[in-house]
Amino acid sequence: PAFGERVRERQRMVAVQIQAREIRDPNVLHAMRTVPRHAFVPPEQRAHAYEDRPLYIGHGQTISQPYVVAFMTEALALDPNSVVLEIGSGSGYQAAVLSLLVKRVYSLEIIVPMAEEARERLSRLGFHNIEIIERDGYEGLPEYAPYDGIIVTAATPVVPPPLIHQLKPGGRLIIPIGEPPYYQELTLIYKNEKGRLSRHNILGVAFVPLRRRFEH
């Protein structure tokens, strides 16, 4: 039922917050109109689900502003055969958006109750091409590598080297680079067919820090 609720709010969110800011990929726009963002936030935040800002989702984590979700998704230049790795499942919203564009999403979450909640929510909503795995995202997920796209939804001062290794030639990695909790540069790393890397800073952002297993 969540998909049929608040449809006009989603359409307005896409028109005003996303299309108006130059997001053009029709598949990304369709996914943002389709996924019920209000189903991915706590009950006390649902009234604000379609506002142009991040929202607190518990466990010290946030769900990104809708524009940033759309921007990061479009930057990966995915297709229906793509396999994507996400670092930081959070509530599962970004994975749900990705899942409508690609063949498979693997998503890593270090906070166990958050992973369990996201897994249950995605299953209940009918997203079946997403696997949520409880793991330290810094090391990536070598068993299903290489990936067409890797998306990191938490900030780190440097790009974790395992993620570079797990990126397919021709693939793209998008990650907020900088010192949390302040300002970071959303950075797009492209690996060409010969394995050579290029990197572009494309947007100023503020993400929560990437958490590591040894910090607990």
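Mentor: Begin with one residue. This is a predicted model. Ile164 has a relative accessible area of 17%, and buried means under 20%, so Ile164 counts as buried.

Trainee: In which helix does Ile164 lie?

Mentor: Ile164 belongs to helix H6, which covers residues 161-165.

Trainee: Which residues is Ile164 in contact with, leaving aside its neighbours within four places in sequence?

Mentor: A contact here means heavy atoms within 4.5 Å. With those neighbours set aside, Val159, Leu173, Ile189, Lys191 and Leu197 are in contact with Ile164. Take Lys191 as a case: 27 residues separate it from Ile164 along the chain, and the two C-alpha atoms are 8.4 Å apart.

Trainee: How do I read contacts over the protein chain?

Mentor: Look at separation in sequence. Of the contacts between residues at least 6 apart, 53% join residues at least 24 apart.

Trainee: What percentage of the residues of the protein chain count as buried?

Mentor: The figure is 55% of the 216 residues.

Trainee: Why compare the radius of gyration with that of a compact globule?

Mentor: The comparison tests whether the chain agrees with a compact globule; for 216 residues that would be near 17 Å, and the protein chain has 16 Å, so the values agree. The C-alpha trace spans about 45 × 40 × 35 Å along its principal axes.

Trainee: How many helices and strands does the protein chain have?

Mentor: There are six helices and nine strands.

Key. Residues numbered from 1 in each chain as written. Predicted model: local features only at pLDDT ≥ 70, side-chain atom pairs only at ≥ 80, totals over all residues. Heavy atoms only, no water. Helix = DSSP H or I, 4+ residues; strand = E, 2+ residues; numbered from the N terminus. Rg over C-alpha atoms; globule rule 2.2 N^0.38 Å. Buried < 20%, exposed > 50% of the residue type's maximum accessible area, 1.4 Å probe, protein only.
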